[in-house]
Amino acid sequence: MPLLAAPLVGGMVLCALQLVPLPPGLLAWVSPEAAALREDVLVPLGLTGWRPVSLEPSATWRELAKHLAYLLTFVAAVQVCRARASRQRLLAVLAFTGAAVAAVGWTRAVRRGDAVRAARVHGMRGRRW
């Protein structure tokens with residue numbers, strides 16, 4: 001795995017650590033907010049087990065899945081870029097995609113009647129705000 005993937009792996013590890021259930025004492029030290037929520041809401045209901053740091057574990061799982069997708073996309077791009085022809089093809093696709101996104105944004109701004117702002121955003125001449 002490339003060294004530049006380390007920050008992506010680090011993000012995945014941080015997300016995953018938030019999902020690890022902790023005992024109440026350690027949870028209070030790591031995240032006082034999560035411990036307070038546990039004490040105020042869950043303990044009166046009889047839910048006294050260990051809890052994760054994450055206040056919304058389902059959202060944390062989604063973020064973990066996104067980080068995994070970012071990592072896999074990066075690793076795939078690194079593999080594709082090993083050959084010169086593949087690099088050129090990837091750059092062409094990225095350039096085309098960027099131009100298409102800009103064209104869609106400009107078209108939407110024009111259709112909303114905001115043509116002046118669209119012209120300014122995309123570097124065309126016009127008066128400044």
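**Figure 1. The whole chain and its surface.** The protein chain has an accessible surface of about 9,800 Å², and carbon and sulfur atoms account for 68% of that. Keep in mind that this is a predicted model. The chain holds six helices and zero strands, so if you walk along the sequence, the pattern reads α-α-α-α-α-α. Of the 129 residues in the protein chain, 17% are buried. Take the contacts with a separation of 6 or more: 56% of them join residues 24 or more positions apart.

Figure 2. Helix α1 covers residues 6–18. With 13 residues at 1.5 Å each, α1 should span 18 Å, and its end C-alpha atoms sit 19 Å apart, which agrees. Look for G11, M12 and C15, which are the buried residues here. They take up an arc of only 100° around the axis, so they end up on the same side of α1. Turn to the other side of α1 and you find P7, L14 and L17, which are exposed. As for what the buried residues of α1 pack against, that is α4, residues 57–80.

Figure 3. Helix α4 has 24 residues, which at 1.5 Å a residue should span 34 Å; its end C-alpha atoms are 34 Å apart, so the two values agree. Its buried residues are T60, L64, H67 and L71.

Figure 4. T60 belongs to helix α4. Is T60 buried or exposed? Its relative accessibility is 8%, and the cut-off for buried is under 20%, so T60 counts as buried. The side chain of T60 makes a polar contact of 2.5 Å with the side chain of S54. Setting aside residues up to four places away in sequence, T60 touches C15, Q18, L19 and S54. One of these, C15, is also a buried residue of α1.

Figure 5. A bit of background first: in soluble globular proteins, nonpolar side chains tend to be buried together. In this model, the largest nonpolar core has six residues: A5, M12, C15, L19, L64 and L71. Helices α1 and α4 each supply at least two residues of this core. A second, separate core has five residues, among them L22, L27, A35 and V53.

Figure 6. Y70 is found in helix α4. Now find V9: Y70 and V9 are 61 residues apart along the chain, yet their C-alpha atoms are separated by 9.6 Å.

Conventions: Residues are numbered from 1 along each chain as its sequence is written. This is a predicted model: local features need pLDDT of at least 70, side-chain atom pairs count only at pLDDT 80 or more; totals for chains, interfaces and linings use all residues. Side-chain values use heavy atoms; hydrogens and water are left out. Helices (H or I, at least four residues) and strands (E, at least two) are DSSP runs, numbered from the N terminus. Buried means under 20% relative accessible area, exposed over 50%, partly exposed in between (1.4 Å probe, protein chains only). Contact means heavy atoms within 4.5 Å. Accessible areas come from the Shrake-Rupley method with a 1.4 Å probe; for residues, only the protein chains shown count as cover. The expected span of a helix is 1.5 Å times one less than its number of residues. The arc is that of the directions from the helix axis to the C-beta atoms. A polar contact is a pair of N or O atoms within 3.5 Å; within protein, one must be able to donate a hydrogen and the other to accept it, and residues adjacent in sequence count only if both atoms are side-chain atoms. A nonpolar core is a set of buried Ala, Val, Leu, Ile, Met, Phe, Trp, Tyr and Cys residues joined through side-chain atoms within 4.5 Å.
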